Amino acid sequence: QVSWSGVSRPGSGLRRNGRKELRSRGFWRSLLAEAAGTLIFVWLVLGASCPGGPGRATAPPALQPALTAGLAAVGLAHCFGEASGAQANPALTLAFLCTRKLDALRGAAYVLAQCLGAVLASAAVYLALPAAAASHLVTRVSSEANAGQALAMETFSTF
């Protein structure tokens, strides 16, 4: 990279571009799009996974949340695709990082925004539902495994 004086300094262009990007309106707009997209996606899928109606304790058929996820992904791609790419999934963002289709600053910021959106959506659904319905949405560890093994399996199946 060439500095302002014309002398090459390694790494100087990366710092200058990172600062410039942090000040850009497009960068923050894309972060908001990722957070909102993930919030909407998680909220819709969790809502589709809830038992329906008062006194109904059975989960909906598996097709219901699957269709919801597919239709939500298509809708979010149309709504937020131009602003950020509408990834709405940290695993997809990490894939873009590994293939160098996304720079490190934007990738890390997207993952943080996506996690924030997912946590907010989960909290909103949990607080809006009665305790009996919310208990159906919680993943429980079986008695044959511990929490570390469950986390490892969840991470393995996600990526």
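**Entry 1: Pro65**

I began with Pro65, which, leaving aside its neighbours within four places in sequence, is in contact with Val45, Ala48 and Ser49; contact means heavy atoms within 4.5 Å. I was working on a predicted model, in which local features need pLDDT of at least 70, side-chain atom pairs count only at pLDDT 80 or more, and totals for chains, interfaces and linings use all residues. Residues are numbered from 1 along each chain as its sequence is written, and side-chain values use heavy atoms, with hydrogens and water left out.

I located Pro65 in helix H3; helices (H or I, at least four residues) and strands (E, at least two) are DSSP runs, numbered from the N terminus. I then took up Ala48, which is 17 residues from Pro65 in sequence and 5.0 Å from it in space, C-alpha to C-alpha. Is Pro65 buried or exposed? Pro65 has a relative accessible area of 17% and is therefore buried; buried means under 20% relative accessible area, exposed over 50%, and partly exposed in between (1.4 Å probe, protein chains only).

**Entry 2: The whole chain**

I looked up the secondary structure of the protein chain and found 7 helices and 0 strands. From the N terminus on, the order of elements reads α-α-α-α-α-α-α. The chain has 159 residues, of which 26% count as buried. I noted an accessible surface of about 10,700 Å², with 66% of it belonging to carbon and sulfur atoms; such areas come from the Shrake-Rupley method with a 1.4 Å probe, and for residues only the protein chains shown count as cover. Among contacts with a separation of 6 or more, 60% are between residues 24 or more positions apart.

**Entry 3: Helices H4 and H5**

Two packed helices are described by the angle between their axes and the distance between the axes. I looked up both values for H4 (residues 90-98) and H5 (residues 104-128): the angle is about 175 degrees and the axes are 9 Å apart. Axes are lines fitted to C-alpha atoms, for helices over the stretch in contact, and angles run from 0 to 180 degrees between N-to-C directions. H4 and H5 are therefore roughly antiparallel to each other, a term for angles over 145 degrees.

Which residues of H4 meet H5? I listed Pro90, Thr93 and Leu97 in H4, which meet Ala104, Gly107, Tyr110, Val111, Gln114 and Cys115 in H5.

**Entry 4: Two positive phi values**

I checked Ala88, which has a positive phi of about 50 degrees although it is not a glycine. Ala88 has its place in the loop between helix H3 (63-84) and H4. With a relative accessible area of 16%, Ala88 is buried.

I then turned to Arg100, a residue other than glycine whose phi is positive, near 60 degrees. Arg100 is in the loop between H4 and H5 and is exposed, at a relative accessible area of 77%.

**Entry 5: Arg140**

I found Arg140 in the loop between helix H6 (131-134) and helix H7 (147-158). Arg140 counts as exposed, at 59% relative accessibility. Its C-alpha atom is separated by 8.9 Å from that of Ala150, 10 residues away along the chain.

**Entry 6: Leu22**

I placed Leu22 in helix H1 (residues 12-23). Leu22 is partly exposed, with a relative accessible area of 38%.

Terms used. Angles under 35 degrees count as roughly parallel, over 145 as roughly antiparallel, 65 to 115 as roughly perpendicular and the rest as oblique.
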